[in-house]
Amino acid sequence: MKRFIPNTFTMLNLLSGLLALISIFNGFYDHAFLFVCLGIFFDFWDGFLARKLNVSSELGVQLDSLADMVTSGVVPGLMMFKLLENIQLNDSNYMVTEETAYMGFVPYLGFIVTLASCYRLAKFNIDTRQTESFIGLPTPANTLLLMSIPMIQYVDSYEWLLEALNNPYILVVIILVSAYLLNAEIPLFSLKFKKLDWENAKTQIIFLVYSSILLFVLAFTAIPVIIFSYIIFSLILNTTSKK
């Protein structure tokens with residue numbers, strides 16, 4: 001029975017992704033964000049439980065990738081599609097007219113994220129360098145980055161930031177940067193705990209404390225700051241370890 005426990009968590013990750021998709025279709029972006037966070041929570045623990053219970057299997061690896069493809073691939077792609085589509089529907093400066101009908105393709109650029117996530121997940125499964133760390137931004141981190149955009153739009157009071165996130169050109173740049181970071185040859189430390197003790201998890205613990213403080217101070221605006229801090233922190237660790 002032990003082998004079914006981590007796979008159950010993986011299925012809950014997939015279910016969370018499906019509920020996030022329904023929420024996006026219905027315009028409840030805050031609900032979608034919560035379901036994504038729930039899915040990432042389940043994704044965080046399924047691998048840990050598999051190792052802890054000594055029931056890791058090839059089936060679990062494949063299930064994990066398939067669940068992540070929905071929660072951390074299809075969901076953020078659809079979110080970017082809807083954000084760009086909403087701008088074209090509601091902002092007179094970017095509405096599609098007969099003269100600009102060709103701009104109707106722009107929202108579909110959001111699915112570049114989905115394609116890049118698919119490639120990232122497939123590459124992860126066969127890349128032997130990523131057993132203890134990551135090469136490129138993990139799909140859950142990238143998903144949090146993109147799903148934070150509508151949350152920042154809801155609650156942030158910085159006018160310049162809101163204007164930027166309602167600019168389709170900036171959103172397209174974010175999409176392209178996101179797709180690049182997913183598959184860039186950038187070594188990043190793993191946020192998953194191999195063992196719950198200071199010696200083996202001090203990097204993760206320090207980063208989680210830092211992230212918690214940022215979330216308390218900046219709320220949803222902290223999420224992109226945390227993601228880019230994660231990249232910078234990893235680059236610093238890589239540099240110091242080489243020395």
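## Exercises on a predicted model

Valine 225 lies in helix H9. Helices here are DSSP runs of H or I with at least four residues, and strands are E runs of at least two, numbered from the N terminus. This is a predicted model, where local features need pLDDT of at least 70, side-chain atom pairs count only at pLDDT 80 or more, and totals for chains, interfaces and linings use all residues. Residues are numbered from 1 along each chain as its sequence is written, and side-chain values use heavy atoms, with hydrogens and water left out.

### Exercise 1: Valine 225 and its contacts

Task: Find which residues valine 225 is in contact with, leaving aside its neighbours within four places in sequence.

Solution. 
- Step 1. Take the cut-off: contact means heavy atoms within 4.5 Å.
- Step 2. Apply it. Valine 225 is in contact with Tyr210, Leu214 and Leu218, once neighbours within four places in sequence are set aside.
- Step 3. Check the exposure. Buried means under 20% relative accessible area, exposed over 50%, and partly exposed in between (1.4 Å probe, protein chains only). Valine 225 has 34% relative accessibility, so it counts as partly exposed.
- Step 4. Look along the chain. Glutamine 88 is 137 residues from valine 225, and their C-alpha atoms are separated by 28 Å.

### Exercise 2: A nonpolar patch

Task: Name the residues that form a nonpolar patch on the surface, and state which helix gives the most to it.

Solution. 
- Step 1. Set the rule. Patch residues have over 30% relative accessible area and no salt bridge; like charges are joined within 9 Å, nonpolar side chains (Val, Leu, Ile, Met, Phe, Trp, Tyr) within 5 Å. A salt bridge is a side-chain nitrogen of Lys or Arg within 4 Å of a carboxyl oxygen of Asp or Glu.
- Step 2. List the members: Val209, Tyr210, Ile213, Phe216, Val217, Leu218 and Val225.
- Step 3. Give the area. Together they have about 680 Å² of accessible area. Such areas come from the Shrake-Rupley method with a 1.4 Å probe, and for residues only the protein chains shown count as cover.
- Step 4. Name the helix. Helix H8 (residues 198-218) gives the most, with six residues.
- Step 5. Valine 217 lies in helix H8. Valine 217 counts as exposed because its relative accessibility is 60%.

### Exercise 3: Aromatic rings

Task: Classify the ring pair of phenylalanine 44 and tryptophan 45, then the pair of phenylalanine 207 and phenylalanine 233.

Solution. 
- Step 1. Know what to look at. A pair of aromatic rings is described by the distance of the centres and the angle of the planes.
- Step 2. Set the cut-offs. Rings of Phe, Tyr and Trp (its six-membered ring) pair if their centres lie within 6.5 Å; planes under 30 degrees apart count as stacked, over 60 as edge-to-face and the rest as tilted.
- Step 3. Count. The whole structure holds 14 aromatic pairs.
- Step 4. In the pair of phenylalanine 44 and tryptophan 45, the ring centres are 5.5 Å apart and the planes stand at 75°, so the pair is edge-to-face. Phenylalanine 44 is partly exposed at 23% relative accessibility, and tryptophan 45 is partly exposed at 27%.
- Step 5. For phenylalanine 207 and phenylalanine 233, the centres are 6.2 Å apart and the planes are at 20°, so this pair is stacked. The pair links distant parts of the chain: phenylalanine 207 is in helix H8 and phenylalanine 233 in helix H9 (residues 222-242), 26 residues apart.
- Step 6. Phenylalanine 207 is buried at 4% relative accessibility, whereas phenylalanine 233 is partly exposed at 25%.
- Step 7. Phe189, Phe207, Tyr210, Tyr230 and Phe233 form one aromatic cluster.

### Exercise 4: The salt bridge

Task: Find which residue forms a salt bridge with glutamate 85.

Solution. 
- Step 1. Search. The whole structure has one salt bridge.
- Step 2. Name the partner. Glutamate 85 pairs with lysine 82, with the closest N and O atoms 3.1 Å apart.
- Step 3. Glutamate 85 is partly exposed at 24% relative accessibility. Lysine 82 is buried, because its relative accessible area is 15%.
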